[in-house]
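Please open the structure in your viewer and keep the selection panel at hand, as this tour moves from one pair of elements to the whole chain and then to the ligand.

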Amino acid sequence: MQQASATTILALVGKGGVGKTSLSALMVKLLSDFYPDKKILAIDADPAVGLATALGVEVDSTVDDIRKSFVQTAENGNTKAAVELLGEAKYQMFDALVDIRDNVSFLAIGRPESAGCYCKVNAYLKEVISMISDHFDYVVIDGEAGIEQVNRRVMEKVTHLILVSDASKKGLQVVQTIHQVASELVMFDKAGLIVNRMPDMSLVDRLDTGDLELLTCIPDDREMVLSDMNGASVFELPDDAPVVLGAKEALQKLGI
Ligand SMILES: Nc1ncnc2c1ncn2[C@@H]1O[C@H](COP(=O)(O)OP(=O)(O)O)[C@@H](O)[C@H]1O
Ligand SMILES: [Mg+2]
């Protein structure tokens, strides 16, 4: 059992284009509405970015910017102890947080210039998550597509692993694999599956979800399409939009 004081950390993972970012943003909104007195942190952990747009925020400083300045200070022969430098990095991290609402902050991992940097920034992101999550009641991580961040144990502190897929065999295989790897490497409390953009809801029984618990199945939602066409944030979606109701059902099934 989780302690009442512990931070609830949700991570949304799955292949690209299945709705991780949209659902992450919606969960942030729902948590913020449900728990006005709790502190919520949204982390965009996908170098392809997108969560900022979904939440309607502008980003100036990212985890990668802080990592770079941190590395530079160390390389410039700064004699400060590593611990002290990490402490400073923590302050910078708080500066990089963007307030979205009274109870919601946002942090982006950023986009390292060369592909070779991803592993470094992922290692740093892992530190960041453990450093700052204590200061929040809920953390929602919009994960990078695929399995890399689970493999690299970026998701180590995650309490609720939310596997997102479309109805395709490929999408469902990806989440099964992520779930297997996460079960070996990560100590999450609960995992569950969201099937999103279901083209025909009468086919739900035919989905091969393996041993994953299906939290909710969300239809292809016209409201979401319209919102996307207008470049609107999830805060503008109607409360009764299927995608909003689906995100709510998933949180309830997870006991959040
Ligand atoms: N239930 C839904 N109905 C219709 N469109 C959706 C739905 N969920 C997500 N989308 C759209 O699908 C696209 C991909 O979603 P996104 O959240 O960016 O996926 P990911 O982060 O997994 O790559 C976006 O254009 C988004 O607006
Ligand atoms: Mg995304």
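Two residues are taken to be in contact here if their C-beta atoms, placed from the backbone, lie within 7 Å. Keep in mind that this is a predicted model.

With that in mind, select helix α1, residues 20-34, together with helix α9, residues 242-253, which pack with their axes 9 Å apart and at an angle of about 70 degrees. Angles of 65 to 115 degrees count as roughly perpendicular, and α1 and α9 are therefore roughly perpendicular to each other. Now show the side chains where they meet: α1 brings Ser 22, Leu 23, Leu 26, Met 27 and Leu 30, while α9 brings Val 243, Val 244, Ala 247, Lys 248 and Leu 251. Coloured by class, this contact of α1 with α9 has 8 nonpolar residues, 1 polar and 1 charged.

Next, zoom out to the whole chain, in which you can trace 9 helices and 8 strands. Its radius of gyration is 18 Å, close to the 18 Å that the globule rule gives for 256 residues, so the chain is as compact as a globular protein of that length. Of these 256 residues, 43% count as buried, and among contacts between residues at least 6 apart in sequence, 76% join residues at least 24 apart.

Finally, select ligand 1 and the 17 residues around it, of which Gly 19, Lys 20, Thr 21, Ser 22 and Asp 228 come nearest. The elements that give two or more residues to this shell are α1, β7 (190-198) and α8 (222-229). By class, the shell around ligand 1 has 5 nonpolar, 7 polar and 5 charged residues.

How values were computed
Residues are numbered from 1 along each chain as its sequence is written. Chains are lettered from A and ligands numbered from 1 in the order in which they are written. This is a predicted model: local features need pLDDT of at least 70, side-chain atom pairs count only at pLDDT 80 or more; totals for chains, interfaces and linings use all residues. Axes are lines fitted to C-alpha atoms, for helices over the stretch in contact, and angles run from 0 to 180 degrees between N-to-C directions. Helices (H or I, at least four residues) and strands (E, at least two) are DSSP runs, numbered from the N terminus. Angles under 35 degrees count as roughly parallel, over 145 as roughly antiparallel, 65 to 115 as roughly perpendicular and the rest as oblique. Ala, Val, Leu, Ile, Met, Phe, Trp, Tyr, Cys and Pro count as nonpolar, Asp, Glu, Lys and Arg as charged, and the others, Gly among them, as polar. The radius of gyration is taken over C-alpha atoms; the globule rule is 2.2 Å times the number of residues to the power 0.38. A residue is buried if 20 or more other C-beta atoms lie within 10 Å of its own, exposed if 12 or fewer, and partly exposed in between; C-beta atoms are placed from the backbone. A residue is near a molecule or strand if its C-beta atom, placed from the backbone, lies within 6 Å of it.
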